[in-house]
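Hi there,

Here is the structure I promised to pass on to you. Have a look at it first, and then read my notes on the charged side chains below.

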Amino acid sequence: MAQTDTDDLVGLLEDDEESIEIPPTLPVLPVRDVVVFTHMIVPLFVGRDKSVRAVDASMSQDRFLFLATQKDATVENPKVDQIYRVGVVAKILRVLKLPDGRVKILVQGMVKGRAAAFLRNKAYFRSRVEKIPEEKMGETSMEVEALMRNVREYCEKILSMRGELTSEVNTILDGIDHPGRLADLVASNLSLKIEEAQSLLEIHEPISRLNRVNELLSREVELSTMQARIQSHVRDEISKSQKDYFLREQMRAIHRELGEVDEKTQEVEEYTRKIKKARMPKEAEKEALRQIRRLEQMHPEAGEAPMVRTYLDWLVEVPWKTSTKDALDLKKAQKILDEDHLGLEKVKERILEYLAVRKLNPGMKGPILCFVGPPGVGKTSLGQSIARAMNRKFFRMSLGGVRDEAEIRGHRRTYIGALPGRIIQGLKHCGSNNPVFMMDEIDKVGADYRGDPSSALLEALDPEQNFAFSDHYLNLSFDLSKVLFITTANMVDTIPSALLDRMELIQLSGYTTPEKVQIAKKHLIPRQMEENGLKPGQFGLSDKALDKLATEYTCEAGLRNLEREIGSLCRKVSRTIAEGKSAPGRITESGLVRYLGLPKYLPEMDQDEPQVGLATGLAWTQVGGEPLYVETSIMEGKGELVLTGQLGEVMQESARAALTWARANLDLWGGDPEFFETHDIHIHAPAGAIPKDGPSAGVAMVCALISVLTNRPLRNDVAMTGEVTIRGRVLPIGGLKEKALGALRAGIKTVIIPEKNRKELSELPAMLRRKLKFISVSRVEEILELALLPPVKPPAPANKPKKKTRAAAKKRPAKSSPPVSPV
């Protein structure tokens, strides 16, 4: 803001601008960052060579200069078109040359002017200047007087808020009666942008200029008011904070005098006591004490204080050294496992082995077990029984659909709402560092842009690494070697190989019908009676009813559907009792139809009688073993092989291998070599809507093909499994127990298996070996001898060699073989 000499200004206001005589041409002094108004006295520092020469030229003549503002203040050497044309003719009052070559001048604005034409002068700018005289005012009207009074009040208000209002300023403002001069005086003391000040200078009509100044003053008043309000608010806040701090310090002093402890000190002491009680490792204790020092130095209401408190809460509540004492009584553990689960001898044996080794070597690392089996076979409940048998805490964590690595390792503390991972949360929930930790559905872990949870699990499930598991939130090492990790999966194929390598797989195949009946009596019926409010004697099932319920109303490897059916029976009985009727008591086999309707599944074989071209294979699925039927038919054509039923690539290769073996061994079944060139072969696997694939359907395809080619039916009580090669060898398969259970549920009596799977028969339950007849074979010819029956019809055209050309075959209409009964 420019400074004005008030004594000189009062005299200037009495001068008449028209009486001032100025030369026709004047040196031009471009100024930066300021617009000089008339009657304004302002000091200027002149440093540019052209500007210094312009000052020297003015001083050598009559001391007049033309002051014009640059359009861009950053330009060091402006051109003519970069200087505003309207400016002020000023007179140099004083000149002071500085040691650095610059010149300090004191100038006084005399009259407005316009640079009409710049003259050619390389030394400095020089221009013809036209004087712009101020318009004379007549008698002042009331409107103009009101406007001038409003401008004066605005000025006084602004100066008052700034604390700059003096009596001299009031005298100057009251002594000006010309609107234009008042506008120039006020404008010269306002903090205006260059563009705003220049536009104001170029308004020649005094009333219009004063109106514009009034608008700018109004805006300045609003800004000053808001600024004053903000400053007042800040001062109040600072005062309040200082007051609060002072009062808080006084309270601390008073508490100390009374022997009491304030809240902050009490909080710090409480955390310190908890840290000692937690028995942390040295690294964790050091970090916890560091966080306490930070909390002690913080303001209680600081934004970071709650984050530090939450972190300290987790550190002191995580069970660093807290463990439960293992129950190492093997007989008691065996009793508990037998009470909770029927069968599952291999799993029970593995748990008892772990307890035995734990008894002899207390410092051993916990194993990583993986229970693999169909849904409903008791994988999760088995984990609970293991925890009960070992007297350990149990925690279950579901991994199905988990895609974020932070679910396992936790979030960094820099994130809002950060928490440790699910593993640390589970340990805190259990309150011990050696629980039975079950991770369900490990085969369904996903991955996306947030990370790969399966990779994060590698550290937790590796006995060689998990003694120093690092959670992102704690940022400290935690020992997981004492935790007994148990994972569950329905299938192994989708588990990453690196993760699978760290786990010990234990297969849970499923339950036989007698086992389901015993489990239902011991566990399912009592649980459903309790859930549905039934008392002993109000509900029961006979043995035959339970057997029929397990075989004709459900068809599964596990027990979930069986429990649902029992629950449905209990609900119907509960409704009967609630309606005031007497309870039915024990439900017999015939009573199932009344409560549950007709049976949903038939336990007998789907084939009523042996058929030509229909073989029974066995398949492994995620829900257990099932029979897989293969149908084959021949028709006249071009020798093509048609495969339907959504067969996968492996099964398609098995079908081609079966056809190759059949064509290479014509002498075994008396075929005609030209038969395959004039007939199409169609192999189908019902149901067509379900995708199928696997390496164990080859022998069934060979038998179905040879059956239709020789017109010999296949036995309907024989099921077979095994892969076949083009040389007729039968290769071993997997999932023998699941397939045997599926055959038993389907009413099969005999199962043909590869010779190399014979050693696995000793691991099957005795009931399976008793009810099923297992025959091991190593060649396809052995299976054909066991499964094919004598022909029941005249031999098919394939058995009567008849030479005919391919052209003749094309002329004859296609004739299909005798229809095959649907499966």
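This is a predicted model: local features need pLDDT of at least 70, side-chain atom pairs count only at pLDDT 80 or more; totals for chains, interfaces and linings use all residues.

Searching the whole structure turns up 30 salt bridges, and I have picked out a few other pairs for you.

E215 and R212 form a salt bridge, with 3.1 Å between the closest N and O atoms. Both residues belong to helix 7 (residues 206-258), where they are 3 residues apart, about one turn of the helix. E215 is partly exposed at a relative accessible area of 47%, and R212 is partly exposed as well, at 29%.

Next, D338 and K348 meet through their side chains in a salt bridge of 2.9 Å, N to O. This pair links distant parts of the chain, 10 residues apart: D338 is in helix 11 (residues 330-340) and K348 in helix 12 (residues 345-360). K348 counts as buried because its relative accessible area is 3%, under the 20% cut-off. D338, in contrast, is partly exposed at 32%.

Finally, have a look at the loops. D462 forms a salt bridge with R502, and their closest N and O atoms are 3.2 Å apart. The two are 40 residues apart in the chain, with D462 in the loop between helix 16 (453-460) and strand 10 (469-470), and R502 in the loop between helix 17 (497-500) and strand 13 (504-507). Here D462 is buried, with a relative accessible area of 10%, while R502 is partly exposed at 24%.

Best wishes

How values were computed:
Residues are numbered from 1 along each chain as its sequence is written. Side-chain values use heavy atoms; hydrogens and water are left out. A salt bridge is a side-chain nitrogen of Lys or Arg within 4 Å of a carboxyl oxygen of Asp or Glu. Helices (H or I, at least four residues) and strands (E, at least two) are DSSP runs, numbered from the N terminus. Buried means under 20% relative accessible area, exposed over 50%, partly exposed in between (1.4 Å probe, protein chains only).
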